[in-house]
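Please read it with the sequence and the structure side by side.

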Amino acid sequence: MPTIRSLLAHPEERRPSPPAPRADLLKVFGAGIGLFAIGLVVALILHLTGRGSVEAIAICGTGIVLGGLGLLWARLRR
């Protein structure tokens, strides 16, 4: 078994890194958009009852828009 010193001196002797796990980005972005949509509905209800803020609505709306852009990016990468 090689020592840490020998591995630092000769990094080519290390085992190769395992491949990165594959993830379906469409599902990931879709889940994020869905959660932001639920948050938007809750924020709107709270705002209409006088307990919420406009910032929460803006944050949820921004999350949906950015998630949509991410979804578009993931589809174009396929």
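In this predicted model, helix α3 is built from 24 residues and spans 35 Å between its first C-alpha and its last, which is close to the 34 Å expected at 1.5 Å a residue. Its partner in what follows is helix α2, which likewise has 24 residues and packs with α3 at an angle of about 165°.

**The helix pair**

- Helix α2 covers residues 25-48 and helix α3 covers residues 54-77, and the axes of the two lie 8 Å apart where they pack at about 165°.
- Because angles over 145 degrees count as roughly antiparallel, α2 is roughly antiparallel to α3.
- The crossing that α2 and α3 make is left-handed, and the residues of their contact comprise 18 nonpolar, eight polar and two charged ones.
- From its first C-alpha to its last, α2 reaches 34 Å, close to the 34 Å expected at 1.5 Å a residue.
- Just after the end of α2, Gly50 adopts a positive phi of about 90°.

**The buried residues of α3**

- The buried residues in α3 are Ile57, Cys60, Gly63, Gly67, Gly70 and Ala74.
- Those buried residues of α3 pack against α2.

- Leu40 and Gly61 stand 21 residues apart along the chain, while their C-alpha atoms are separated by 6.8 Å.

- The C-alpha atoms of Val54 and Val42 are separated by 12 Å, and the two residues are twelve residues apart along the chain.
- Thr62 is also a residue of helix α3, and its relative accessible area of 43% makes it partly exposed.
- Between Thr62 and Phe36 the C-alpha to C-alpha separation is 8.8 Å, although the two are 26 residues apart in sequence.

Note on methods:
Residues are numbered from 1 along each chain as its sequence is written. This is a predicted model: local features need pLDDT of at least 70, side-chain atom pairs count only at pLDDT 80 or more; totals for chains, interfaces and linings use all residues. Side-chain values use heavy atoms; hydrogens and water are left out. Axes are lines fitted to C-alpha atoms, for helices over the stretch in contact, and angles run from 0 to 180 degrees between N-to-C directions. Helices (H or I, at least four residues) and strands (E, at least two) are DSSP runs, numbered from the N terminus. Angles under 35 degrees count as roughly parallel, over 145 as roughly antiparallel, 65 to 115 as roughly perpendicular and the rest as oblique. A crossing is left-handed if the near helix is turned anticlockwise from the far one by less than a right angle, and right-handed if clockwise. Ala, Val, Leu, Ile, Met, Phe, Trp, Tyr, Cys and Pro count as nonpolar, Asp, Glu, Lys and Arg as charged, and the others, Gly among them, as polar. The expected span of a helix is 1.5 Å times one less than its number of residues. Buried means under 20% relative accessible area, exposed over 50%, partly exposed in between (1.4 Å probe, protein chains only). Contact means heavy atoms within 4.5 Å.
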